[in-house]
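The sequence and structure are shown first.

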Amino acid sequence: MLENFGTEKQENLKHSAAFIGGIGGLGGATAAYLASAGIGKLVISHAGNLTESNMNRQLLMDINRLGDPRIDVAAENFMKINPDLKLEMHNVRLNDDNAKSLIKGCNVAVSARPNFPERMAMNKACVNLGIPMIEAAMDDMRGYYFNIFPHETACLNCFIKSDVSDWEELGFGVLGAVSGTIGCMAAVEAVKIITGHGKPLKGKMMHIDFMNMRTITPELRKDQNCSVCGSK
Ligand SMILES: [Zn+2]
């Protein structure tokens with residue numbers, strides 16, 4: 001019943017696959033909404049077991065399953081949302097050796113791991129494969145996302161060249177609703193990219209300061225000398 005969406009775009013979703021790098025507070029929201037929207041397949045990577053500290057944001061999890069692999073808990077809940085969904089779950093951290101083979105064949109990828117090495121590996125794989133990637137992240141009361149259309153718009157490596165040294169994995173606060181909001185926005189972009197419904201954000205970053213409810217959308221310039229996507 002969405003205006004101008006119709007059966008054709010719904011079928012489009014059904015025959016599409018999305019890769020989700022991380023199903024924490026952010027990627028978990030993206031994955032759940034793509035599952036409920038009727039996407040055909042989700043390929044997910046997420047390493048680690050469920051801890052109590054995950055529960056303030058990870059809605060696919062279950063307090064009764066502490067200590068279990070998060071991909072197992074999530075898989076059971078995906079089936080409750082959409083039993084027709086094809087699932088491929090990988091309890092691994094992404095790196096340059098495995099990212100490409102995991103993402104290959106997907107129509108879109110969502111980068112939602114809380115560390116730079118996995119994001120960088122995803123970025124490189126998506127640029128090499130020509131698969132659009134949604135780079136989405138949050139930290140405390142801030143969040144952002146931008147879409148990477150390989151060789152058309154800036155990639156992550158165009159402006160973050162290596163690990164950010166003063167940044168510590170999981171060394172930041174999370175209000176679950178902030179990570180969920182950014183995750184939902186990433187799901188909206190994924191649906192748009194897959195179906196061609198509406199215009200995805202292009203060449204710009206959506207940055208939200210939730211503390212003061214200010215949004216900015218700075219332009220992102222492609223670095224022609226970028227070692228991942230540059231033409232020189
Ligand atoms: Zn680049």
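The sections below treat the sheet, its strands, the core and the helices.

## Basis of the description

The model is predicted; local features require pLDDT of at least 70 and side-chain atom pairs count only at pLDDT 80 or more, whereas totals for chains, interfaces and linings use all residues. Residues are numbered from 1 along each chain as its sequence is written.

## The sheet

An open sheet of eight strands has the order 3-2-1-4-5-6-7-8 with mixed pairing. Strands (E, at least two residues) and helices (H or I, at least four) are DSSP runs numbered from the N terminus, and two strands pair if DSSP finds at least two bridges between them. Strand 3 (86-90) and strand 8 (214-216) stand at the edges with a single partner strand each, so one side of each has no neighbour in the sheet. On average, neighbouring strands are turned by 15° against each other, direction ignored; axes are lines fitted to C-alpha atoms, for helices over the stretch in contact, and angles run from 0 to 180 degrees between N-to-C directions.

## Strand 1 and its partners

Four of the five residues of strand 1 (residues 17-21) are buried, a residue being buried if 20 or more other C-beta atoms lie within 10 Å of its own, exposed if 12 or fewer, and partly exposed in between, with C-beta atoms placed from the backbone. Strand 1 runs parallel to strand 2 (residues 41-45), to which five bridges join it; F19 has V43 in strand 2 as its bridge partner.

Strand 5 (residues 133-139) pairs with strand 4 in the parallel sense over three bridges, with S111 opposite E135. Because five of its seven residues are buried, strand 5 is largely enclosed by the rest of the structure. The chain reaches strand 5 from strand 4 through helix 5 (residues 116-129), and this β-α-β crossover is right-handed.

Strand 5 and strand 6 (residues 142-148) run antiparallel and are joined by seven bridges, among whose strands A137 stands opposite Y144. The two strands form a hairpin with two residues between them, and D140 in the turn has a positive phi of about 60°.

## Core

The largest nonpolar core has 62 residues, and A18, A109 and A190 have the most contacts inside it. Such a core is a set of buried Ala, Val, Leu, Ile, Met, Phe, Trp, Tyr and Cys residues joined through C-beta atoms within 7 Å. Helix 6 (residues 176-195) supplies the largest share, nine residues. Beyond four places in sequence, A18 touches residues including L34, L42, V110 and A190; contact requires C-beta atoms, placed from the backbone, within 7 Å.

## Helix 1

Helix 1 (residues 6-14) packs against helix 6 at an angle of about 105°, with axes 9 Å apart. Helix 1 is therefore roughly perpendicular to helix 6, a term that covers 65 to 115 degrees. In this packing K9, N12 and L13 of helix 1 meet V191, I194 and T195 of helix 6.

Q10 lies in helix 1 and is partly exposed, with 13 other C-beta atoms within 10 Å. Apart from neighbours within four places in sequence, Q10 is in contact with F5 and G38.

Methods
Contact = placed C-beta atoms within 7 Å. Parallel < 35°, antiparallel > 145°, perpendicular 65-115°, else oblique. Right-handed = clockwise from strand over helix to strand, strands pointing away.
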